[in-house]
Structures are given as structure tokens and as C-alpha cells.
Amino acid sequence: MSVTTNPKAMRAWTYTSASQGLEKSVKLVEDASPPFLQELPADGILVKVRYSALNPADHKIPELGLLGRVIVSVPATPGLDFAGVVVRIGDAIPDDAFLVGDQVFGRIAPGQHGTLGEYVCARMDGCAVLPKGVSLEDASCIGTAGQTAYQCIVPNVKEGDKVFINGGSGGTGTFGIQIAKAVGCFVTVSCSAKNADLCRSLGADEIVDYTTEDVSQVLKSKGPVYKLVVDNVGSSPRDLFKAADHFLLPDGKFVQIGAGLSFGDITATASRMMLPTYLGGGKSQYQWVVTENHHEHLEKLGNWMKEGKIKVIIDEVFEYAEVPKAVEFLKKGHLKGKIVVRGCT
Ligand SMILES: NC(=O)c1ccc[n+]([C@@H]2O[C@H](COP(=O)([O-])OP(=O)(O)OC[C@H]3O[C@@H](n4cnc5c(N)ncnc54)[C@H](OP(=O)(O)O)[C@@H]3O)[C@@H](O)[C@H]2O)c1
């Protein structure tokens with residue numbers, strides 16, 4: 001495979017303001033500065049991106065306006081997840097960790113030089129070597145959705161525990177079902193009827209159709225049997241945390257990653273976090289999970305894929321020129337698994 005060692009400029013999708021929607025603002029630039037133009041950080045791994053999977057954060061952060069600019073300075077390139085080929089390695093990276101030419105995958109933290117550029121600078125924590133037999137396209141989907149689901153589930157359950165996943169058919173949900181099954185849990189998920197077969201095929205033991213059933217009531221009727229709730233939706237049903245008083249075990253835990261951005265959604269999430277029981281708040285242990293990059297988690301997920309314990313569900317693959325279309329598709333919020341953008345050649 002040909003390897004570029006010292007690019008001076010690169011192609012990248014960039015935005016400066018996304019107030020009209022990222023899909024309308026993002027532009028393809030032919031002469032963007034590569035993320036390492038000054039000097040590759042000692043702990044940096046420069047990767048030529050072959051595939052980038054999209055996540056809701058890719059449009060949510062740019063569309064936050066001023067707050068988004070506090071998180072990420074503009075002009076910026078969106079994208080967190082990548083799979084590609086190592087082209088340069090920082091001096092502090094151990095000799096046996098990565099080699100130029102290695103195929104790798106992972107996730108970068110939100111920043112100015114995202115994975116919808118030709119090159120990305122990853123850190124050791126957010127990068128792992130592609131296991132044999134796993135495709136770059138599939139591996140590009142692990143970074144955010146895979147690590148998030150892993151970090152919500154693995155530290156909180158053991159074999160035989162019951163888990164409820166609110167939202168089983170999207171990026172985090174499709175990983176979550178399979179991770180919980182890999183640990184040996186009994187898994188209940190909510191999804192719409194059209195996605196029930198997909199969730200079952202990934203191992204879900206029970207399905208609650210959120211479009212026709214009252215999810216909180218169905219779970220309450222089971223009594224206190226669940227060890228863990230993973231809320232990938234946040235905004236629906238709004239009463240899920242309070243209802244969990246009736247279906248979580250006394251030592252059970254409620255973890256949340258998803259939340260809408262409307263005023264009602266934000267106040268509902270804040271009350272889950274802060275409202276004391278005597279004022280009507282839920283009594284279960286609550287945690288808002290923020291995805292972290294962990295080399296070992298990426299390796300574990302890659303190995304589970306190699307062993308066939310986890311498969312990646314890809315709804316659609318977009319060409320590099322189709323990024324605005326891919327963002328539009330992402331924003332509809334009805335993905336089956338992940339969407340992927342092929343890197344520029
Ligand atoms: N805190 C963190 O660090 C972190 C990390 C990753 C993701 N997140 C957040 O977590 C959320 C999920 O992320 P994702 O990547 O999984 O998103 P995604 O792939 O866009 O999720 C879309 C899926 O959600 C399903 N869904 C929508 N409303 C639902 C409901 N009321 N009940 C059940 N399923 C529902 C949709 O099914 P239908 O087509 O049937 O509607 C679709 O399959 C997002 O808000 C994202 O921003 C946060």
C-alpha cells in the first residue's frame with residue numbers, strides 16, 4: 001500500500017458556522033491544513049482515513065452555536081470515528097505498538113481536525129490495530145458507538161443479569177445488545193416494530209415496541225428484576241427513570257447517554273440527575289456516561305468482532321463526495337446501526 005509521509009495540504013470537509021444545519025454548511029476544501037502541519041505530537045499517530053462512521057455528536061456539536069465553538073474552534077472538520085492506515089508515528093509511541101502501514105481503527109476526541117478529513121491525528125488511547133479478518137469499513141464503526149455501549153454495560157453487569165436497553169436499533173443500541181449478550185446477560189430492548197427482527201437477530205431476548213406500547217408500564221409490570229438500564233434515547237419515555245424505581249433491582253443502575261436538545265429534554269435530564277426523591281425524583285443510582293477513549297476497550301471490541309461475537313450493522317455507506325447527504329440521513333434519527341463515509345482516495 002502506498003504511504004504518504006509528509007503531506008502539506010489535504011482534502012477535508014469543513015464548516016465555520018452550522019446554524020442552518022451542518023448538511024447545508026459543510027464544504028469540501030482541497031487545501032486544508034493537515035492536523036500535524038507544525039509537528040506531530042509525540043503521542044500522536046497520523047492516520048490516512050479510509051472510512052469514517054458518523055455519530056449524532058458530529059452534527060450536534062457544530063449546531064450548538066456559540067457553545068459548540070467553545071468545544072471546537074472553527075473552521076473545523078467534523079467526525080470522531082475512523083479506520084485507516086498509519087502514515088507517521090510520534091516519538092513517544094512504543095516501538096511495538098504501531099508500525100507505519102498498519103491498518104488501524106479508533107476514535108479521536110472532538111476537535112478541529114475531525115475524521116472527515118484526509119488525515120487524522122489519533123492518540124494511543126483512541127487507536128488499535130485492526131484484527132485479522134475484520135474489515136476497515138466495519139472497524140470504523142466501533143470508535144464511538146462500540147466504546148460507549150461497552151462503557152455503559154461491561155462495568156455494570158455480570159453473567160445472568162437482566163439489562164434493559166432503551167433504543168436497540170441505532171448505533172449504540174446494536175452494539176449494546178451484542179455486548180450484553182457477550183457478557184451473558186438477558187436483554188430486553190425497545191425499538192419500533194420495523195426493527196424488531198434486527199434486534200432479535202443480534203440476540204435481544206425481549207422486545208418492547210415503543211410505537212405501540214407504553215415502555216415504562218411494560219417494564220413496571222415485570223417487577224424489580226433489571227440490574228441495568230441503558231437509556232440511549234433520553235427523551236422518550238420521559239418518565240423512564242422514575243419508572244425504574246419499580247423495575248430496577250435495589251442495587252441496579254440507570255445509565256444515560258442520549259438526550260434531546262429541546263428545553264423540555266434538557267430539564268427532564270437535569271431532574272433525573274438532581275431531583276431528590278422527596279421532591280418526586282427517582283431513587284435508583286444514576287450515571288450520565290460520557291464516552292472515553294480506551295485502547296483496551298477498542299482491542300476487546302475488535303477481538304469480539306474477529307471471534308464473531310459482535311457484528312457491525314451498517315445502514316448505508318456514502319462516498320466521500322456525499323457527506324452533506326450522509327449528515328442529512330444521520331439527522332433523521334432512524335438509522336439501523338451505523339452509517340459510514342468512504343474516505344477520499
Ligand atoms: N454521552 C455520550 O458520550 C454519547 C455517546 C454516543 C452517543 N450519544 C447519544 O446517544 C444517543 C444515541 O446515539 P446513537 O449513535 O445510537 O444514535 P442513532 O444511531 O442515531 O439512533 C437512532 C435509533 O434510535 C431509535 N429510536 C429513536 N427514538 C426511539 C425511542 N423513543 N425508543 C426506542 N428507539 C428509538 C431509532 O429507531 P426508529 O427508527 O425505530 O425510530 C434509531 O434506530 C444520541 O442522542 C447520541 O447523541 C451520547
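**Exercise 1. In which loop is the place of Pro-75?**

Solution. The model examined here is a predicted one. Begin with the secondary structure on either side of the residue: Pro-75 has its place in the loop that runs between α3 (66–71) and β4 (81–89). Then turn to the backbone, where the peptide bond leading from Val-74 to Pro-75 is cis, with omega near -5 degrees.

**Exercise 2. Locate Pro-237 and describe the peptide bond from Ser-236.**

Solution. The loop that holds Pro-237 lies between β11 (226–231) and α9 (240–247). The bond that joins Ser-236 to Pro-237 is cis, and its omega is near -5 degrees.

**Exercise 3. Characterise the packing of helix α5 against helix α6.**

Solution. Two packed helices are described by the angle between their axes and the distance between the axes. For α5 (residues 142–153) and α6 (residues 171–183), the axes come within 8 Å and cross at roughly 45 degrees. An angle of this kind makes α5 oblique to α6, and the crossing of the two helices is right-handed. The residues of α5 that take part include Ala-145, Thr-148, Ala-149 and Cys-152, while those of α6 include Phe-175, Ile-179, Ala-180 and Val-183. Sorted by class, this contact of α5 with α6 has nine nonpolar, five polar and no charged residues.

**Exercise 4. Characterise the packing of α5 against helix α11.**

Solution. The axes of α5 and α11 (residues 295–306) come within 10 Å, and their crossing angle is roughly 100 degrees. Angles of 65 to 115 degrees count as roughly perpendicular, and α5 and α11 are therefore roughly perpendicular to each other. On the side of α5 the contact is made by Ile-142, Gly-146, Gln-147, Tyr-150 and Gln-151, and on the side of α11 by His-297, Leu-298, Leu-301 and Gly-302. By class, the contact of α5 with α11 has four nonpolar, five polar and no charged residues.

**Exercise 5. Which residues come nearest to the ligand, and which elements supply its shell?**

Solution. Of the 31 residues around the ligand, those that come nearest are Gly-170, Gly-171, Ser-192, Gly-258 and His-334. As for elements, α2 (56–60), α5, α6 and β9 (186–191) each supply at least two residues of the shell. At the level of domains, the shell draws at least three residues from each of domain 1 and domain 2. Its residues divide by class into ten nonpolar, 19 polar and two charged.

How values were computed: Residues are numbered from 1 along each chain as its sequence is written. This is a predicted model: local features need pLDDT of at least 70, side-chain atom pairs count only at pLDDT 80 or more; totals for chains, interfaces and linings use all residues. Axes are lines fitted to C-alpha atoms, for helices over the stretch in contact, and angles run from 0 to 180 degrees between N-to-C directions. Helices (H or I, at least four residues) and strands (E, at least two) are DSSP runs, numbered from the N terminus. Angles under 35 degrees count as roughly parallel, over 145 as roughly antiparallel, 65 to 115 as roughly perpendicular and the rest as oblique. A crossing is left-handed if the near helix is turned anticlockwise from the far one by less than a right angle, and right-handed if clockwise. Two residues are in contact if their C-beta atoms, placed from the backbone, lie within 7 Å. Ala, Val, Leu, Ile, Met, Phe, Trp, Tyr, Cys and Pro count as nonpolar, Asp, Glu, Lys and Arg as charged, and the others, Gly among them, as polar. A residue is near a molecule or strand if its C-beta atom, placed from the backbone, lies within 6 Å of it. Domain bounds come from an automatic or database domain assignment.
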